[in-house]
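Colleague: I have the file open. Can you talk me through it?

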Amino acid sequence: MFNYLVRRLFIALPSLLGISLILFTVLALAPGDPFSELANDPSIPPAVAAALRHKFGLDDPIYLRYFHWLVAMLHGDWGYSFASRVDVSTLILQRLPTTLYVLGASQILALCVALPVGVYAGVRPYSLGDQIASTLALIGFSIPTFFTGLVLILIFSIWLDWLPFVYRTDISATGFAWYWAYIKEAIMPVAVLGLFQGAVWTRFVRASVLDVVRLDYVTTARAKGLAEHTVVLKHITRNAMIPVVTLVALSMPIVFGGAVVTEQIFRVPGIGSLLISAILNNDTPVIMGVTFIFSCLVIVFNLIADLLYGWLDPRISYR
Amino acid sequence: MAGSTPASPTAEVPLAAAAPLIAAAAAPRKTLGGEAWRRFRRHRLAVASALVLALMTFAVLFGSLIWPVPINAIDFAAHLQGPSLAHPLGTDDLGQDLLARMLYGGRISLAVGFASMVIAVLVGTLVGAVAGSSRSATDTGLVWLIDLFLSLPQLPLLLLLIYLFRASLRKLAGLEIGTFILIVVVIGGFRWMSVARLVRAEFLSLREKEFVEAARALGAPQWRLVMHHILPNAFGPVIVAATIEVANAIIAESTLSFLGLGFPPDVPSWGRILYDAQDYLDIAPHWALFAGGAIFLTVMAINYVGDGLRDALDPRRVL
């Protein structure tokens with residue numbers, strides 16, 4: 001088990017290096033550099049600007065710059081935010097828990113929707129229930145998250161006035177009221193993200209159950225006289241989950257994209273909205289840091305998927 | 001049996017109902033396209049969606065001739081009005097006619113979707129074909145590249161690229177064209193992976209088939225094998241994937257514009273209209289609802305057409 005994990009980590013490492021290489025290339029190819037403002041500033045003599053460039057290694061060959069950058073990133077030295085005058089790592093660590101809380105809750109909601117509905121629809125293909133579920137799923141994943149967010153705000157905040165549409169971290173209430181306010185403000189962001197992912201995954205689950213449900217071993221299980229719920233849960237669902245796990249892991253980058261949008265709509269102070277504000281403020285170190293964190297999260301989720309895969313499919317051993 | 005289940009019930013027609021259709025279709029010649037069209041027509045929602053799409057395309061292409069209101073005619077006397085005879089979709093905060101702006105924006109959204117799809121399919125087919133027809137390290141390397149791109153956090157990178165290259169491309173090719181090229185290339189460049197995987201998988205199975213072997217035995221060179229024998233047979237799933245890519249690209253462009261990083265304010269793509277409308281959600285909900293509804297309708301129609309095509313082009317289905 002432990003060896004398996006280590007081996008997967010060694011496979012993940014080149015991907016992380018590749019991602020860092022792509023990030024760095026993008027930044028190196030981009031027109032302009034951090035010192036272009038110095039060059040335009042008449043009060044700084046060209047010699048000083050050149051010395052600064054030399055001191056910060058901007059004149060080094062590109063592979064050396066990549067190496068320096070990589071070493072700094074690995075040391076946790078992620079730079080210094082131009083806009084808020086704080087270390088990038090501090091800034092990201094402040095924001096990360098909120099993002100993980102909203103993302104985690106929404107993914108749990110998505111699974112709670114997708115698994116039962118998808119299995120139900122897949123076991124009874126083309127029944128009325130399946131058609132309703134499939135139609136709803138298709139509608140659900142055709143509505144972009146930003147539109148769902150706006151519609152929910154319109155209905156629940158403006159017309160019904162039930163839920164706040166701005167996510168706040170400085171709730172003044174204490175005790176039970178604090179928890180309630182905390183949950184209440186997360187309902188809409190979590191619902192927007194969760195229902196979208198739920199719709200996507202419902203389609204995955206249904207398609208994968210459909211592939212399994214007609215196999216001979218399922219007929220055998222029924223012929224043996226096993227109870228229907230045993231057949232569905234132990235024989236069909238477990239095997240149908242194997243491709244679903246891969247698809248879920250593959251859709252993680254899209255989930256993070258949805259998180260960026262949702263955080264922006266509901267003003268959730270997570271790393272997604274940090275990214276947008278950093279881009280609007282030309283805050284390059286923060287942009288790099290957040291993009292890198294997102295990449296790491298994708299890789300972590302791929303690793304989790306690999307582990308789940310081994311658990312679901314005993315043919316893949318942990319050797 | 002496994003895997004041959006159609007994505008929708010309408011593709012499976014009871015024999016009795018299908019008999020007259022088969023009799024009618026029992027013309028001396030059955031072309032591949034004709035067969036696919038016959039199957040596609042069975043999927044009523046897909047046909048309806050194709051009609052909706054055709055109507056929308058017609059509207060955005062020629063709508064400005066029928067509704068010749070300039071998109072930037074400011075009229076403060078009529079600002080934030082709901083739908084009326086003078087303004088069928090209402091007006092925005094500057095009193096600009098929303099119908100005219102929606103027609104113009106639809107042109108951009110559809111064009112971005114289509115152009116990004118073309119890029120994604122071209123790159124994907126190229127990478128997939130090269131990977132699928134080589135047996136050496138090239139294949140391993142390209143598969144690694146595909147996996148790497150699949151684990152990139154797409155939206156953050158899209159935002160990063162657009163932020164970095166926006167200014168210089170605008171200088172190079174003009175405000176509107178520059179943004180268009182950038183958005184199309186960047187979206188297409190991040191969405192070719194699914195096509196590449198499909199093409200590679202098709203190539204791997206097709207290149208072992210007897211007809212390819214026969215062609216090779218007749219002395220056909222490698223390029224002819226690929227271009228004339230393998231590639232045309234691999235195109236069914238690619239067309240389906242391409243359809244879905246159009247929908248994805250439209251969502252991606254709207255997301256960028258919605259985050260304020262897509263087209264500039266004077267180019268009202270649907271996402272941009274939604275971005276402007278979100279601040280007036282409480283007094284002018286029609287503004288956001290029309291723009292979001294248009295994106296939703298288009299994306300859903302494309303997805304339904306994709307579903308219909310999947311059933312129509314699947315050669316395993318015998319109807």
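Colleague: What pattern does chain A follow along the sequence?

Modeller: Read along the sequence, chain A goes α-α-α-α-α-α-α-α-α-α-α-α-α. That is 13 helices and zero strands, where helices (H or I, at least four residues) and strands (E, at least two) are DSSP runs numbered from the N terminus.

Colleague: What does the C-alpha trace of chain A span?

Modeller: About 85 × 55 × 35 Å along its principal axes. This is a predicted model: local features need pLDDT of at least 70, side-chain atom pairs count only at pLDDT 80 or more, and totals for chains, interfaces and linings use all residues. Residues are numbered from 1 along each chain as its sequence is written, chains are lettered from A and ligands numbered from 1 in the order in which they are written, and side-chain values use heavy atoms, with hydrogens and water left out.

Colleague: On to the interface. How many residues does the contact take from each chain?

Modeller: Chain B gives 50 residues and chain A gives 54, contact meaning heavy atoms within 4.5 Å. The buried area is about 4,600 Å², with 79% of it from carbon and sulfur atoms. Buried area is the accessible area (1.4 Å probe) that two parts lose on being put together, summed over both.

Colleague: How many salt bridges between chain B and chain A?

Modeller: One. A:Arg203 and B:Asp307 pair through their side chains, at 3.5 Å from N to O. The rule is a side-chain nitrogen of Lys or Arg within 4 Å of a carboxyl oxygen of Asp or Glu.

Colleague: Which elements give two or more residues to chain B's side?

Modeller: Helices H5 (137-150), H6 (154-173), H11 (235-258) and H13 (285-313) of chain B. H13(B) gives the most, 13 residues. By class, that side has 34 nonpolar, twelve polar and four charged residues. Ala, Val, Leu, Ile, Met, Phe, Trp, Tyr, Cys and Pro count as nonpolar, Asp, Glu, Lys and Arg as charged, and the others, Gly among them, as polar.

Colleague: And H1(A) with H5(B), at what angle do the axes cross?

Modeller: Roughly 70°, with the axes coming within 10 Å. H1(A) and H5(B) are therefore roughly perpendicular, a label for angles of 65 to 115 degrees. Among the residues in contact are A:Pro14 and A:Ile22 of H1(A) and B:Trp144 of H5(B).

Colleague: Back inside chain B: which residue forms a salt bridge with B:Asp139?

Modeller: B:Arg200, with the closest N and O atoms 2.8 Å apart. The two lie 61 residues apart, B:Asp139 in helix H5 and B:Arg200 in helix H8 (residues 193-206).

Technical notes. Axes are lines fitted to C-alpha atoms, for helices over the stretch in contact, and angles run from 0 to 180 degrees between N-to-C directions. Angles under 35 degrees count as roughly parallel, over 145 as roughly antiparallel, 65 to 115 as roughly perpendicular and the rest as oblique.
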